[in-house]
Structure formats: C-alpha cells, structure tokens
Amino acid sequence: MDIVISDETKGLETKDLTLIKELILRSGKELKLDENYELSITLVDNKKIQEINRDYRSIDQVTDVISFAIEDNDDEEFWDFFEEEDFPIPRLLGDIFISIDRTKEQAKDYGHSFERELGFLVVHGFLHLNGFDHQTEAEEKEMFALQEKILKEHRLER
C-alpha cells in the first residue's frame with residue numbers, strides 16, 4: 001500500500017502524520033482490503049478547502065473533509081480487470097482533503113482532542129473512498145458505527 005500524506009499547512013507534527021497512516025491501515029484491515037492500494041491525503045487550510053469545495057462540488061463554503069473516490073464507477077467488468085491476481089498495478093482509492101483549521105475548530109467545539117477529531121475525519125474520508133455514505137439514515141448508522149469502532153480500537157473516543 002502507498003499512502004501519500006502532504007501537509008500543505010506545514011503545521012502538523014510527526015506524531016499526527018503517524019496517526020493518519022495508522023488509522024488508514026487499521027481502517028483498511030477492518031474493511032478487509034488487499035494491501036495493494038494507493039491513496040493521497042492532503043492537509044490544507046480553510047481557504048484551500050473552500051476553493052476545492054467551490055470548484056469541484058459547487059458549494060462555496062468551508063468544510064472539514066472532502067473525498068474524491070476513483071472507484072465511483074459501477075462498471076463491474078471494468079473493476080474485475082483490476083482484481084486479476086497477476087495484475088501488478090495497485091488499486092487507486094482516491095484523494096482525501098482535510099482542513100486542519102476546521103479540525104482544530106471542531107475539536108474545540110465538540111470538547112475533545114485534536115487527535116480524536118483528526119482521526120474521525122481521516123476514517124470518515126477513507127470510508128467514503130470505499131463506497132460508504134450517509135445520505136440515508138441506514139447508511140449513516142452503518143458508516144458512523146464503523147467509524148466509532150475503528151476510533152475506539154485506536155483509543156480515540158470522545
């Protein structure tokens with residue numbers, strides 16, 4: 001697996017970057033993913049995530065996390081090609097953008113640690129890359145229960 005983490009804010013410590021990688025690995029194991037996958041995580045400020053939200057989602061406001069899944073294609077034949085055992089190219093999951101400004105704000109608002117909020121956003125974004133959503137009550141219940149399970153296993157509870 002290849003996890004590319006880019007801290008455009010230059011404000012995170014090594015322990016924060018390690019936490020991100022550990023949570024991705026834990027989430028991947030929870031989803032029983034083959035370890036041959038790639039994704040990128042870019043840590044940005046509020047201004048940058050608002051630009052991304054505006055330009056790609058037509059929502060001109062700050063948000064906390066945005067995920068761009070590569071596998072939004074439902075063409076089974078297309079994805080079967082990538083599941084062949086002798087195909088060496090890693091599965092490309094997509095890109096996650098997290099606003100560190102918003103992470104700090106929400107940690108304060110919710111009364112928990114920065115690490116817990118960062119962990120929540122990392123796992124949330126990763127689950128979106130893997131087809132989870134929260135558009136309906138049932139989807140939300142499933143996704144949020146899985147998030148909490150992963151965070152609890154990593155001792156990042158509220």
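Student: How large is the accessible surface of the protein chain, and what share of it belongs to carbon and sulfur atoms?

Tutor: The surface comes to about 9600 Å², with 45% belonging to carbon and sulfur atoms (Shrake-Rupley method, 1.4 Å probe). The model is predicted: local features need pLDDT of at least 70 and side-chain atom pairs count only at pLDDT 80 or more, while totals for chains, interfaces and linings use all residues. Residues are numbered from 1 along each chain as its sequence is written, and side-chain values use heavy atoms, leaving out hydrogens and water.

Student: Why is threonine 63 called buried?

Tutor: Its relative accessible area is 17%; buried means under 20%, exposed over 50% and partly exposed in between, with a 1.4 Å probe and protein chains only. Threonine 63 therefore counts as buried. Across the protein chain, buried residues make up 39% of the 158 residues.

Student: Where is threonine 63 found, and with which residues is it in contact beyond its neighbours within four places in sequence?

Tutor: Threonine 63 is in the loop between helix H2 (46-57) and strand S3 (65-69); helices (H or I, at least four residues) and strands (E, at least two) are DSSP runs, numbered from the N terminus. Beyond those neighbours, its contacts (heavy atoms within 4.5 Å) are Ile49, Asn53, Ser99 and Arg102.

Student: What makes strand S1 (2-7) and S3 edge strands?

Tutor: The open sheet of four strands has the order S1-S2-S4-S3, with mixed pairing. Strand S1 and S3 each have a single partner strand, so one side of each lacks a neighbour in the sheet.

Student: What makes a set of residues a nonpolar core, and how many residues has the largest one?

Tutor: The members must be buried Ala, Val, Leu, Ile, Met, Phe, Trp, Tyr or Cys residues joined through side-chain atoms within 4.5 Å. The largest such core has 31 residues, and Leu39, Ile41 and Ile98 have the most contacts inside it. Helix H1 (14-30), strand S2 (37-44), strand S4 (91-99), helix H5 (114-129) and helix H6 (137-153) each give two or more residues. The largest share, nine residues, comes from H5. Another core, of five residues, lies apart from this one and includes Val44, Ile49, Ile52 and Phe97.

Key:
Pairing = 2+ DSSP bridges.
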